Amino acid sequence: MGLAFALGIASQATAQEIVKARYDGPTTRYPHGVLGDEIEYDTLVVRLSDGREISARWGQDIVFEDLMPRVVDVDGDGAPEVVTIESHETQGARLSVWGLVDGALAAKAATPFIGTRFRWLAPVAVADLDGDGLVELAYVDRPHLAKVLRVWRYEPISAGQVRLSEVASLSGVTNHRIGWDYIAGGLRTCGQGPEMVLATGDWSEIVSVRFDGAALSQRAIGAYSERALERALRC
């Protein structure tokens, strides 16, 4: 695999922050179609706070099999990173965290690939789920097949070094159907800490899921419908 980088303007200014992100470089070389069509993207583009755009492009093997990049502060330093879904042509999807390293856009950490072509994951939340000051990344692993919620903790351990560890999992939940161009559910905070809102694996019920730092626990909210799920996210 190869990764190519491009800089919108050659001059390097003082430290900048990522303010927006988007995908570019549409490609059909990974024809999975899980999001409703067979077009994915090979390039991640970010806009910096000074207005410049910089990008990173996967030259082969990998695409961004995603709806849109998520701009969020993952390492807690006050400056946003970008969280993406990437898929390898033989190994399936993974969740990846990108950021600025010496002024360039670079991949900082990633979960393992699922391991099989045309196997995908659907993000649920990027947040401090247990209140310990560290951010967790949560996704449903193979929401159409395995239906397992996985939670990974992102922990900076030294300058330029990151530990990304799986800390909890829960079977029997989902947040996506094949062909949907959106991901259902997400994160809500209704006064008692963050909760992830998903559907049961058979789409019969809506559940809220909490992470206490050691394990995941779920609570039934009510019968599933798209409208009920939207109401649940609004508390």
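Predicted model: local features only at pLDDT ≥ 70, side-chain atom pairs only at ≥ 80, totals over all residues.
Helix α1 is followed by C235, a residue whose phi is positive, near 70°.

C190 sits in the loop between β15 and β16 while C235 sits in the segment after α1, so the bond ties together parts that are 45 residues apart in sequence. The link is left-handed, with -85° about the S-S bond. A search of the whole structure turns up one disulfide. As for its two ends, C190 is partly exposed, at a relative accessible area of 35%, whereas C235 counts as exposed at 54%.

Back in α1 itself, which spans residues 226–233, the buried residues are A228, L229 and A232. Viewed down the helix axis, these fall within an arc of 100°, so they line one face of the helix. That buried set packs against four strands: β15 (186–189), β16 (194–200), β17 (205–211) and β18 (216–223).

E195 forms a salt bridge with R219, the closest N and O atoms being 3.4 Å apart. With E195 in strand β16 and R219 in strand β18, the pair ties together parts that are 24 residues apart in sequence.

Salt bridges come to 18 in the model. One of them pairs E53 with R22, N to O 3.0 Å. This one links distant parts of the chain, since E53 belongs to strand β4 (residues 53–58) and R22 to strand β2 (residues 18–27), 31 residues apart. Both ends are partly exposed, E53 at 26% relative accessibility and R22 at 35%.

Another salt bridge brings together the side chains of R142 and D141, at 2.7 Å from N to O. Here D141 is buried, with a relative accessible area of 5%, and R142 is partly exposed at 25%.

The surface has a nonpolar feature as well. L67, M68 and Y182 make up a nonpolar patch of about 280 Å². L67 comes from the loop between β5 (62–64) and β6 (70–72), and this leucine is partly exposed, with a relative accessible area of 35%.

Definitions and conventions:
Residues numbered from 1 in each chain as written. Heavy atoms only, no water. Buried < 20%, exposed > 50% of the residue type's maximum accessible area, 1.4 Å probe, protein only. Helix = DSSP H or I, 4+ residues; strand = E, 2+ residues; numbered from the N terminus. Arc of directions from axis to C-beta. Contact = heavy atoms within 4.5 Å. Patch = residues over 30% accessible without salt bridge, like charges linked within 9 Å, V, L, I, M, F, W, Y side chains within 5 Å. Areas by Shrake-Rupley, 256 points an atom, 1.4 Å probe, with all protein chains shown as cover. Salt bridge = Lys/Arg side-chain N within 4 Å of Asp/Glu carboxyl O. Disulfide = S-S within 2.5 Å.
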